[in-house]
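Please examine the sequence and the structure shown below before reading on.

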Amino acid sequence: MANSANSSCSNFKDLLLSHSQARQENGQYLSESASSDLPSREPPVPNLSRLLRGKELEWEAVKAKPRPLQLLDLPVDILRLIVKEVTNTNDLTSLALTNSILYYLTVPYIYTRFDIVWPDDTSTTSDTKNVDALTYGLSTLCLGSKFAQRKRWLQGSSPGTSKSSQRLADNHYAKYTRKFSLGNGPKDWTSEYEVTKESGKMLGTLVAIAVGKMVNLETFVWDMPTGVLSEVFMALASLQDHYPEGESKLDKVWVRWHDNSDASDPPSSISTPMQPPPMVIPPVGSTATPVGYTLPSDFQPSALRPIKYSESHVEYPTFSVLPSLKSLTVLDIDELAYLDEMSVLIQHSRFRLRELRVGISSKARSADFAQPWDAQVLQQVDHDAQWHGENRIGEKRLGGVLGILVGRIYDIRRKPAPKLQEEESAEPAADQDPIPEFDGVEEFGSPSSSSPAIPVTHMDDASVPGDAHLQDRPQHDTATASDPSNGEVCVEGKRLNGKLQLETLELERVPLSLQVCIKAFDWSVLTSLTVLDCMFVNSLWRALKRQFHPTPAPHGSPPGTPSQYHLSLKHIHTDMTSNTLIGFIKETLAPNSLEVLFLQDRHRTLEAVRLHHIFVGAIKRNRLSLKKLLLDSSHKSGDGRRWLTWMLSSEMVSYITSGRMPNLRELSVALDYQNWHPFLQRLPNIPQLRSLHVTHILELEHFSGNFESKELALQLVDIITLRPEIQLCYVGIGSKCFEILETRPSDGSSSDASANGDQHSNSAIVIHMDDDNENEGSEDDEETEDDDDDVNDDSANGNLMDAADDLTDASDAESETESVQEGDLIQSAARLRLREILFYDDKIAIFKARHGRL
């Protein structure tokens, strides 16, 4: 099916012609006698004729008009480009109510996105009877054109006599929707829509009906933890039926699952931190291998009997029926059936998938299917099962969660053919580097902890040649047919040895299997990596460091030839920072290649990493490329004073605000109050900074408890007023967030409109964030010496001394009006306002990353 906007082009042309005829009939055009005095239009030049490209009829209609052109006389393509520049939904609605031509032009942009954003849990419900946006929006998308025609006919407008009624009755709005999103909200409100309740079943049915009509849908997001009916997945799968090639435009699917357990959780908000689950204790006598925990030699998986569909408490089908995707996100997984379904989808999307996000529920992280296991009798997936009810191989899976997901494209156990083994032994491939040894103490905690000690098998590097690291396993003959009893799958004796070409990989509460991580993912194309609350993460950094160590310049190369780096990582986010990670960044990644670095220390097991090591090994090494930086050593519960570990020193504050990091856009750190005013004075050195979050401030919290965040934010506004080149827009101080707005001096009622919370007011101009057009900086300054930078800092500081002496605290009147008045020397400058808002987690990366979860 062609694009909806292009398919309606013919209708727009008819509307233009009919609109012109209607104005002629009403006498709006000039008479022939009146128009005879006007100069006639000259024929188009030959160059213009070549540019018409099939629009000759429209040009002839334009030439025949005896008056100057008006807005609606422009070609439809030009009008469409004009309407495209209107981004405010209210403005688009006003244009749609103007006339039928603008109606058809604006409707595709009004319904291009369907987003449900829940209000804050502190908001009070209205006493008036109204319809919520979710129900109202779905009812609009589900209505058909026949219903609208019948309704207008009953109101006295017959479809057979009114052409305008026929045009306006065509309200297939769903065909214009490209993004459908249901956001998460307070549990007290979203729990009413769980699939186990009648209202949840009704919601799923309405969504399935609406999604089935969204032939141009590209993104589907269900972040509300209420469960998703199988009918919704079937509706998503039916989208490919509208295209002759059988490939829909659906690229991204995001699903957050609900709690399938019988125990009911107490009501809580989405911002409430989860209680830490008990530590996962492996079986007694288990040893850690690159695949997972070993099991006793006499272990046999428990055979499961097939169940009927009516006996299953899990929706089916789900992911297995979806077409190939570019982005797949599944969070809060608490059922093995979801992982089996995802493995089928990943098999279909193995050549197209670029983003993968997987999160295990906190209640299911200790389940058998969530742990990585290593035994001869275990399998990754059951290839004979048509659906999860026919699964016979049990819940203990080879390689754990990652082994299941890649079970249909990568075989952990299958060995290459003997001939291939001889060739590979003669010429070792790049993917057969030895996997480094585990450090069980570092992964599971100190030996003094209450958990029992875990025996760890230290593998000798010489005895771990690639896939042959499990020496106790017998070599299988690949020429024989596959045996369903042991899960080995081969096609004509070939091994499943595929790799996912991912660019983004995000894992939450997923125990890592190094064998799968190293061999099933192509790390040369991976650019973004997020691992949150994952076991064996330090072993992953150690394995990557050894596998992808930079290659020195060949002997005889010209002096100054850089080493060859094999990784393309630009984004790293982890909540378990260690010296192993800092060493990996320093020795494995190219200098000035890391753009996003989010380091948290919420799951500290050993001694904390010194901030000096982080600064030298990661931040200074990537100072020219870093765009977003977050440093947070606080506990995930938010209690205590662990955040003091990574509080910036005076030297670090001077370095960040010296101008040596020209691409820094977002910054989240903890400060000492004695460094607050130096930070304000040096803020003009980093004018490109767009978002700032000061998580904690020492001394203010110690002496005054909850310090006044607004007063500190107003001090930032004072600096921006004096130095308008500063682009700072969003400021977070502790638990408060503020937005800095700019108003025109001629608008006298701007403060009143802003006080009512209307962020779309004409008098308020939001300082927009656009990183695409920013200057990325040059990497030629990579070898600039610190002494030279210090000289530049001194000269810059000298220019700021006079301005810093004139800075004063905001007055009481400014605090009440939430505005800062201009001085006499800057009368022509715009006035700045400070407005308290909620944290923009969807817009600002450091705000979203502060939660430490996907």
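The model is predicted.

Strand β12 pairs with strand β11 (residues 504-508) in the parallel sense, over 5 bridges. Within this pairing, E508 has L532 as its bridge partner. Between the two strands the chain passes through helix α19 (residues 514-519), and this β-α-β crossover is right-handed. Strand β12 also pairs in the parallel sense with strand β13 (residues 571-574), here over 4 bridges. In this pairing S528 stands opposite H571. Together with helix α20 (residues 537-547), β12 and β13 make a right-handed β-α-β unit.

Attention now turns to charged side chains. The whole structure contains 19 salt bridges. One of them joins K201 and E231, whose closest N and O atoms are 3.8 Å apart. K201 belongs to helix α13 and E231 to helix α14, so this pair ties together parts that are 30 residues apart in sequence. K201 counts as partly exposed because its relative accessibility is 39%, and E231 counts as partly exposed at 37%.

R835 and E739 form another salt bridge, at 2.5 Å from N to O. R835 lies in strand β22 and E739 in strand β19, so the pair ties together parts that are 96 residues apart in sequence. R835 counts as buried at 8% relative accessibility, and E739 counts as buried at 2%. Finally, salt bridges with shared partners join D223, R256, D332, E508 and R509 into one network.

Conventions
Residues numbered from 1 in each chain as written. Predicted model: local features only at pLDDT ≥ 70, side-chain atom pairs only at ≥ 80, totals over all residues. Heavy atoms only, no water. Pairing = 2+ DSSP bridges. Right-handed = clockwise from strand over helix to strand, strands pointing away. Salt bridge = Lys/Arg side-chain N within 4 Å of Asp/Glu carboxyl O. Buried < 20%, exposed > 50% of the residue type's maximum accessible area, 1.4 Å probe, protein only.
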